[in-house]
Amino acid sequence: MTDHVHHSETEAEHPDTALVESKVNSGWPNLYDILFLIFLAGMLAMVAWVGVLSHEEGIKNEVTKQNGEAWVKWMKANSEARTKDDFEVEACTASTTERKRWGDCFNALLESEKTLKALINPFTKEPVNFVAKCDPKDHESVGGIFLEKLVPTPPGSAIPIVASQLVDIDPIDTKLSLKLTVCDKGGYAIKVDEFEF
């Protein structure tokens, strides 16, 4: 009898115990589950967005490299031709009678070669620019082209070749050994090729 009374009192004290248990075991997510799922969905969306941005930046780096390759292709293809008298871009000829300079050749190429003139820096959406060097601290160098002349040093020197920027006043009368590099989205150098012009 006492047991029966005690059991009845327990039920009276906790009338909603069965109800609480049925809520917990219903299988539906509670508030914390819903908040976690929203957070998880947000994180997945953010990861996907970062992936899209990384892909776009990768494409821009690839376009920058292709810009450099276009210049290399033209210069390599015309390396021999420019030593002949009838070369179509006169300012770029390897003349023995008249001093030719890189600045004049560069400007003539932009006027006469539509493929080179049409090249666009994918980061700035402006025409491709030639820079003094690829420099992560200099945002102007991003997407630019860095062209160096490679000059051999005398035999026995500790450094076999000295590299320096090919500037406007540099003579191009004779064959030049060149190195072309492009600057990626961080301003870091990506070597494209070494060749003769």
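**Confidence, fold and disulfides of the predicted model**

The protein averages a pLDDT of 83, and 85% of the residues score at least 70. The model is predicted, and local features therefore need pLDDT of at least 70 and side-chain atom pairs count only at pLDDT 80 or more, whereas totals for chains, interfaces and linings use all residues. Residues are numbered from 1 along each chain as its sequence is written, and side-chain values use heavy atoms, with hydrogens and water left out.

The secondary structure consists of five helices and four strands. Helices (H or I, at least four residues) and strands (E, at least two) are DSSP runs, numbered from the N terminus. Their order from the N terminus on is α-α-α-α-α-β-β-β-β. Of the contacts between residues at least 6 apart in sequence, 57% join residues at least 24 apart. Buried residues make up 29% of the 197 residues; buried means under 20% relative accessible area, exposed over 50%, and partly exposed in between (1.4 Å probe, protein chains only).

Two disulfides are present, a disulfide being a pair of cysteine sulfur atoms within 2.5 Å. With the bonded cysteines numbered in sequence order, the pairing is 1-2, 3-4. In the disulfide formed by Cys 92 and Cys 105, the sulfur atoms are 1.9 Å apart. The torsion about this S-S bond is about 100°, so the Cys 92 and Cys 105 disulfide is right-handed. Cys 92 lies in the loop between α3 (31-77) and α4 (102-112) and Cys 105 in helix α4, so the pair ties together parts that are 13 residues apart in sequence. Cys 92 and Cys 105 are both buried.

Cys 134 and Cys 183 form a disulfide with sulfur atoms 2.1 Å apart. The torsion about the S-S bond of Cys 134 and Cys 183 is about -80°, so this disulfide is left-handed. The pair links distant parts of the chain, 49 residues apart: Cys 134 is in the loop between α5 (114-117) and β1 (145-152), and Cys 183 is in strand β3. Both Cys 134 and Cys 183 are buried.

The accessible surface of the protein comes to about 13,500 Å², of which 59% belongs to carbon and sulfur atoms. Accessible areas come from the Shrake-Rupley method with a 1.4 Å probe; for residues, only the protein chains shown count as cover. A nonpolar surface patch is formed by Phe 36, Leu 37, Phe 39, Leu 40, Met 43, Leu 44, Met 46 and Val 50, with about 780 Å² of accessible area together. Patches are made of residues with over 30% relative accessible area and no salt bridge, like charges being joined within 9 Å and nonpolar side chains (Val, Leu, Ile, Met, Phe, Trp, Tyr) within 5 Å. A salt bridge is a side-chain nitrogen of Lys or Arg within 4 Å of a carboxyl oxygen of Asp or Glu. Leu 37 lies in helix α3 and, at 48% relative accessibility, counts as partly exposed.

Gln 165 lies in strand β2 (residues 161-165) and is partly exposed, with a relative accessible area of 30%. Not counting residues up to four places away in sequence, Gln 165 touches Val 131, Ala 132, Phe 146, Leu 147, Glu 148, Lys 149 and Asp 170. Gln 165 and Lys 179 are 14 residues apart in sequence, and their C-alpha atoms are 9.4 Å apart in space.

Note on methods. pLDDT = per-residue confidence, 0-100. Contact = heavy atoms within 4.5 Å.
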